[in-house]
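Biologist: Hi! Could you walk me through this model?
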Amino acid sequence: MDWYSQPSTDSSKPWNAHNVDELKRKLITANHILHQQGVVDAYGHISIRHPQRPDVYLMCGYMAPAIVTSADDLIEYWVRDSSPVSPNAKKGYSERFIHGEMFSKFENVNCVVHSHAEAVLPYVTSGVPLMPIFHMAGFLGDQVPVFDIATVYSGNDQQDLLVRDSRLGAALASKFVKTGNGEVQATPDPDHTVVLMRRHGYTAHGKDIETAVYRAIYTKVNAGVQTNAMMLRSAMPPGMTAAFELEPLTGEMRRDCLKMNEGTQDKPWKLWAAEVEKSSLYINRG
Ligand SMILES: [Zn+2]
């Protein structure tokens, strides 16, 4: 039986009860799905916390997610400072500090996705707030904060917008907490599921791979729908009036849609996994 025909991970199982080799295979699949769904191109990345060593996380080395193929392509990093566990590790992503600091600050976060998906970029460049506009995006909550790295740059920083060290990663992680500005105390769960990164992209997380991948994909889908809805309203022909206002989900809708999103996200995962299995671009020898 190949990997793709195996059942999806039981999300009710505690993270530390998962087999690390199974999670590595699933992480490779997730890399392929995120590419196939347009969340990552040559850039962008996904990581997981090691299920038995919570002070270690795994992500692929310096390569496009679509061509990650085997466990040998993955690198283990220490959560404390994002340095490689092995002194012989190959080159990794310069932005791995995004992942390390999320795992460091939030013990219930087990998967992190970082993306520059084009549909989301208008919301990190225009100042227009991203809001949950339809039922599959209830997880976006009452606010999607924006992290502006320019506010934490100091004199000698390389100002290429990349999260290149733990200090910048910690500043981004702080935006996932409602009071977040500056230093964040360790807390098991972030308040926000997604944080936008001004002039750059966004970061999402989850308690498992399916949740983080679902959120990364539907953040992109929601952004596209919101942009189209706003453009459509602004293109209203003279003499016509809108039948209703352009409004985000209400608080009750967000709460119940979040529950529904989390209760059904195993279904799209199986579809997305089947799609990457059928494409010859993606190879999983995990
Ligand atoms: Zn980036």
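Modeller: Happy to, starting with a term: buried means under 20% relative accessible area, exposed over 50%, and partly exposed in between (1.4 Å probe, protein chains only). This is a predicted model, where local features need pLDDT of at least 70 and side-chain atom pairs count only at pLDDT 80 or more, while totals for chains, interfaces and linings use all residues. Residues are numbered from 1 along each chain as its sequence is written, and side-chain values use heavy atoms, with hydrogens and water left out.

Biologist: Thanks! Which residues coordinate the zinc ion?
Modeller: The donors are E95 through OE, and H114, H116 and H200 through NE2, at 2.0 to 2.1 Å. A donor is an N, O or S atom within 2.8 Å of the metal (3.2 Å for Na, K and Ca), and water is not among the atoms, so sites may look incomplete.

Biologist: And how are those donor residues spaced in sequence?
Modeller: The pattern is E-x18-H-x1-H-x83-H. H114 sits in strand 4 (residues 111–115) and H200 in the loop between strand 6 (194–197) and strand 7 (201–206), so this pair ties together parts 86 residues apart in sequence. Strands here are DSSP runs of E with at least two residues, helices are runs of H or I with at least four, and both are numbered from the N terminus.

Biologist: Are H114 and H200 buried or exposed?
Modeller: Both H114 and H200 are buried.

Biologist: Let's move to strand 6. What does it pair with?
Modeller: Strand 6 pairs with strand 5 (residues 146–147) in the parallel sense over two bridges, and V146 stands opposite L196. Strand 6 and strand 7 run antiparallel, joined by four bridges, with V194 opposite A204. Pairing requires DSSP to find at least two bridges between the strands.

Biologist: What covers the faces of strand 6?
Modeller: I can tell you that both faces are covered: V194 and L196 on one side, and V195 and M197 on the other, are all buried.

Biologist: Switching to helix 7, which of its residues are buried?
Modeller: P268, W269, W272, A273 and V276. Seen down the axis of helix 7, they fall within an arc of 135 degrees, so they line one face of the helix; the arc is taken from the directions from the helix axis to the C-beta atoms. K267 and K278, on the other side of helix 7, are exposed.

Biologist: What do the buried ones pack against?
Modeller: Helix 1 (20–36), helix 5 (209–234) and helix 6 (251–264), where contact means heavy atoms within 4.5 Å.
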